[in-house]
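Here is a short briefing for a reader who is meeting this structure for the first time. Please look over the sequence and the model before going on to the points below.

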Amino acid sequence: MAVPTFIADGVGDAEGTGAANFTFTKPAGVQQNDILLVHLYKENGAAVTLPVTGGWNAVTGSPVAVTSGNSQWHYIWWKRATASEPSS
């Protein structure tokens, strides 16, 4: 089995918007069978249930709570890229 290699990353920001939907752009260079990861950070308040579509899977144990004065939640999803992976 080949050793994993970092290909690319992307950044999105919906700070203060209260957005219920997020769209992530596929990084350049993604090929079939690559593993894609998404990390979402939510600050303040309780954990929320976020609907996920398109073959994304929550990483075991997600969301993770970090409390140090205010509530912080880290959500992580993964999926295996397909040959016809959409651009977002």
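Tyr75 and Trp77 are both buried, a word that stands for under 20% relative accessible area, with exposed meaning over 50% and partly exposed in between (1.4 Å probe, protein chains only). The model is predicted, so local features need pLDDT of at least 70 and side-chain atom pairs count only at pLDDT 80 or more, while totals for chains, interfaces and linings use all residues. Residues are numbered from 1 along each chain as its sequence is written, and side-chain values use heavy atoms, with hydrogens and water left out.

**Aromatic pair**
- The structure holds one aromatic pair, where pairing requires ring centres of Phe, Tyr or Trp (its six-membered ring) within 6.5 Å, and planes under 30 degrees apart count as stacked, over 60 as edge-to-face and the rest as tilted.
- This pair is formed by Tyr75 and Trp77, which are stacked at 6.0 Å centre to centre with 10° between the planes.

**Nonpolar core**
- The largest nonpolar core has five residues, namely Val38, Leu40, Trp73, Tyr75 and Trp77; such a core is a set of buried Ala, Val, Leu, Ile, Met, Phe, Trp, Tyr and Cys residues joined through side-chain atoms within 4.5 Å.
- Two or more residues of this core come from each of E1 and strand E4 (71-80), strands being DSSP runs of E with at least two residues, numbered from the N terminus.
- E4 gives the most to this core, with three residues.

**Backbone at Asn33**
- Asn33 is not a glycine, yet has a positive phi of about 80°, and its place is in the segment before strand E1 (35-43).
- Asn33 counts as partly exposed because its relative accessibility is 46%.

Definitions and conventions: Helix = DSSP H or I, 4+ residues; strand = E, 2+ residues; numbered from the N terminus.
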